[in-house]
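Please read them with the coordinates open beside you.

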Amino acid sequence: MTNRVTIRDVARYADVSMSTVSQILNGKANRFSNDTRQKVLYARDALGYVPDFNARNLITNSVKTIGVIVPDIGNPFFSTFIKSIELLAMEQNCISLILSSNDNQELERKHLEQLINRSIDGIIIASPSIGQAEIDNQLKKNHIPYLLIDQNPIADGDRVMTDDFNGAELAVNHLAQLGHRKIAMIMAKKPSDNLKRRFFGYKQALNSNGLEFDEKLVISTEMSKIGGMNAANKLIQTDATAVLTVNDEVAIGLYHGLNLLGKNVPDDYSVVGYDNIDLDEYLAPPLTSISQPVHELGATVFKKLIERIKNPDLPQTEIMLPVKLVKRNSTKELS
């Protein structure tokens, strides 16, 4: 790609030779004075230079390479999201590099640097931890197109979101219509921007249905099956009769936790999940969930990123995709 920060740029900035820069940045710094080393390192950091170790001659210039960083590839939502991207990438002769951070901030930053190392043509960021500093100091300085999906709170950049606020409203409205007056929500301990929107939607829907918000009905846990299982014990200590979980993985864990405690879904607790993953239909009982258009989400972010790669001067865009309630058998009318 053109306009990348190069060794030549670093050398010019530090007022030294390219050979000097190369040697200092490749483990031979002891050959030079401390002053020269510091000038080169300062220039590297100021310009956001990342070495290009990718042998571009191995692929033709017509082949684009895109990176995708997700917080948890084991989450069925993200695995489906990735599958949609990979199918389109194959059709358009693109190579996709998929990296999962396991919700580790330091690993996410290393993944980002590794993608830049390989002269990536564009990056899809589905991670809440890559912040404005990384965007400014690495992606922008190296002129790498990027696209944010709703995991990321950064507003500066092309962005594709799903309507999380409305999704939570739909869930609470459904439970309220079934007669439930005490509706709990199981939230992430460290919610990202889109999860906060779900929480705000939950609160708004309580208010719209004449229900009082009660902090004791908000249960924080890890966003995993184990987190859901651990939340079950907290849930039964409340007076809730229904619950919205922050995602379906938590709901699956909650099912198991409630079963271990001798509780039944939906007789003891009506449960609504979020994401509508494929597994929902196979639970006992099948899980009512808020369906995100994950295939459309994957396809949309891929197409928008390719547009941005081809035309970097396009106006910044923000796309909101709708959600819907899929009713199954995990909720019932309160008698």
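1. Helix 9 passes helix 10 in a right-handed crossing, where a crossing is right-handed if the near helix is turned clockwise from the far one by less than a right angle, and left-handed if anticlockwise. Helices here are DSSP runs of H or I with at least four residues and strands are runs of E with at least two, both numbered from the N terminus.

2. By class, the residues of the contact of helix 9 with helix 10 divide into 9 nonpolar, 4 polar and 2 charged; Ala, Val, Leu, Ile, Met, Phe, Trp, Tyr, Cys and Pro count as nonpolar, Asp, Glu, Lys and Arg as charged, and the others, Gly among them, as polar.

3. On provenance, this is a predicted model, in which local features need pLDDT of at least 70 and side-chain atom pairs count only at pLDDT 80 or more, whereas totals for chains, interfaces and linings use all residues. Residues are numbered from 1 along each chain as its sequence is written, and side-chain values use heavy atoms, with hydrogens and water left out.

4. As for the overall picture, the protein has 11 helices and 12 strands, and its C-alpha atoms fill a box of roughly 80 × 45 × 35 Å along the principal axes. Of the 335 residues, 51% are buried, buried meaning under 20% relative accessible area, exposed over 50% and partly exposed in between, with a 1.4 Å probe and protein chains only. Among contacts between residues at least 6 apart in sequence, 71% join residues at least 24 apart.

5. Helix 1 contributes Asp9, Val10, Tyr13 and Ala14, and helix 3 contributes residues among them Lys39, Val40, Arg44 and Leu47; by class the contact has 8 nonpolar, no polar and 3 charged residues.

6. The largest nonpolar core has 68 residues, and those with the most contacts inside it are Phe81, Ile124, Ile149, Tyr202, Leu235 and Val301; such a core is a set of buried Ala, Val, Leu, Ile, Met, Phe, Trp, Tyr and Cys residues joined through side-chain atoms within 4.5 Å. Helix 11 (residues 294-310) gives the most to this core, with 8 residues. Apart from it lies another core, of 14 residues, including Leu112, Ile116, Ile125 and Ile130. Leaving aside residues up to four places away in sequence, Phe81 touches residues including Val68, Val70, Ile124, Ile149 and Val301.

7. Which residues does Met185 touch beyond four places in sequence? They are Arg198, Phe199, Tyr202, Leu217, Val218, Ile219, Val243 and Leu244. Met185 lies in strand 6 (residues 183-188) and counts as buried because its relative accessibility is 1%.

8. Ser270, in strand 9, is likewise buried, with a relative accessible area of 0%. Its contacts beyond four places in sequence include His180, Thr241, Val243 and Lys332, and its C-alpha lies 8.9 Å from that of Asn329, 59 residues apart in sequence.

9. The backbone deserves a check at two cis peptide bonds: Val265 to Pro266 has omega near 10°, and Ala284 to Pro285 has omega of about 0°. Pro266 sits in the loop between helix 10 and strand 9 (270-275), and Pro285 in the loop between strand 9 and strand 10 (288-291).

10. Phi is positive, near 60°, at Asn93, a partly exposed residue at 46% relative accessibility in the loop between helix 4 (76-91) and strand 2 (94-100). Asn276 also has phi near 60°, and its place is in the loop between strand 9 and strand 10.

Note on methods:
Contact means heavy atoms within 4.5 Å.
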